[in-house]
Amino acid sequence: MKNKIHALLAEVEEIKVETKEQLEEFRLKWLAKKGLVTALFDDFKNLANEDRKEVGKTLNDLKNKAQEKFNRFKEKFEGGEETASSDMDLTKPAEPIAFGSRHPISVVRNQITDIFSRIGFTVKEDREIEDDWHNFSALNLPADHPARDMQDTFFVAPPPPEGGSKEAYSPDFPPSGGLRGVVLRTHTSSVQIRVMENSQPPIRSIFPGRVYRKENISARAHCFFHQVEGLYVDENVSFADLKQTLLYFSQEMFGEKTKIRMRPSYFPFTEPSMEVDISCFICGSKGCPICKGSGWVEILGCGMVNPKVLENCKIDSKKHTGFAFGMGIERIAMLKYQINDIRLFYENDVRFLSQFKSA
Ligand code: DAH
């Protein structure tokens, strides 16, 4: 019996266990109730006393070896041993998690709203699907007005044939009389009207948001982009207030040496109207490709709120005056970070977006 057990000891050693199934076979053969080791212990009982000591020891060795081998492989298949014994260095610091970053449009939008909040402007947002009244007519762009062509419009529902009275459109959305004159707003100036209809002066707010225009997509233009509209209406708001507000904004945004200049322009909702240029902060106004050699770059449109617009919103234009301005967030971002293609903002290329991590 001793020799038999010795042979079995060698056999246990040799047996290959490579799968869970083989381990189960091993257990059944050696360790189960009807297995070899139990059978040997049964035989052991019949041994003569003098043989028991030596055989007993070898038999115990066999039992322990088989059990040990079983335990080792069990642990391995359950993942324990593999992790502990593999090359993994558990003291190594973990790979850093790559954090996302704010989109450059959000970064610049927040910079703009921060600057204006410091001088008392509140921030309001409103709808992107707008009716003709708020996007056009109330802003002194009645139907057939040539200035409507300044902005190519996406229509959700065609304009009403009657033209530009408020009643012809939809004071509520969706209107009960059928859907007429509904557009994707072409500018955030529509929010001016919403705010003036719902509150009396003093009003000092900015309105950031997305706008839509039927434009061919190129490096310079897109069919949607973002604007920030500003509105200040009160008693005695003057052109000097407008100029000083925009100078403050430009210097906070582009650096304290920045100068502004105003050029006469035309917008139906402001009278007089201006376009504002800032001195080119890239070349220090010496002339470069960004300012096309002129030393100045255009950043926004503005003016004194047209009294007709105040009256359209039931604000007494004898008592109140106001200024308004509107700027493109993409334009400001492109200038500030010298981005030469507007499409980059919408392609979600991480190599582009991650450059604004610290902005
Ligand atoms: N709404 C104009 C646009 O989208 C921008 C603008 C110009 C807004 C002059 C204003 C303004 O409030 O006074 O081109």
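How do the residues of the lining of the second largest pocket divide into nonpolar, polar and charged? The views below come to that in the last legend, and they all show a predicted model.

View 1. Welcome to the ligand site, where 16 residues surround the ligand, with H187, S189, R213, Q227 and E229 the closest. The side chain of H187 places an N or O atom 3.0 Å from a ligand nitrogen, and the side chain of S189 likewise has an N or O atom 3.0 Å from a nitrogen of the ligand. On the oxygen side, a ligand oxygen lies 3.3 Å from an N or O atom in the Q192 side chain. The protein covers 91% of the 350 Å² of accessible area that the ligand has on its own.

**View 2. The shell around the ligand.** Two or more shell residues come from each of α8 (189-198), β6 (224-234), β9 (296-305) and β10 (321-328). By class, the shell holds 5 nonpolar, 9 polar and 2 charged residues.

**View 3. The largest pocket.** The ligand takes up space that is the largest pocket, whose volume is about 1100 Å³. Its lining has 43 residues, and F225, E298, I299, G328 and R331 are the closest to its centre. β9 gives the most to this lining, with 8 residues. The lining divides into 20 nonpolar, 14 polar and 9 charged residues.

**View 4. The second largest pocket.** Here the space is about 240 Å³. Of the 16 lining residues, I105, R109, G209, R210 and H226 lie nearest the centre. α6 (104-118), β5 (203-212) and β6 each supply at least two lining residues. As for the opening question, the lining divides into 6 nonpolar, 4 polar and 6 charged residues.

Terms used
Residues are numbered from 1 along each chain as its sequence is written. This is a predicted model: local features need pLDDT of at least 70, side-chain atom pairs count only at pLDDT 80 or more; totals for chains, interfaces and linings use all residues. Side-chain values use heavy atoms; hydrogens and water are left out. A residue is near a molecule or strand if one of its heavy atoms lies within 4 Å of it. A polar contact is a pair of N or O atoms within 3.5 Å; within protein, one must be able to donate a hydrogen and the other to accept it, and residues adjacent in sequence count only if both atoms are side-chain atoms. Accessible areas come from the Shrake-Rupley method with a 1.4 Å probe; for residues, only the protein chains shown count as cover. On a 1 Å grid over the protein atoms alone, a cavity is a set of points where a 1.4 Å probe fits but cannot get out, and a pocket is an open set with protein on both sides within 12 Å along at least five of seven lines; lining residues have an atom within 4 Å of a point. A molecule sits in a cavity or pocket if more than half of its atoms lie within 2 Å of its grid points. Helices (H or I, at least four residues) and strands (E, at least two) are DSSP runs, numbered from the N terminus. Ala, Val, Leu, Ile, Met, Phe, Trp, Tyr, Cys and Pro count as nonpolar, Asp, Glu, Lys and Arg as charged, and the others, Gly among them, as polar. Grid points are joined across faces, edges and corners, and a volume is the space filled by probe spheres set on the points.
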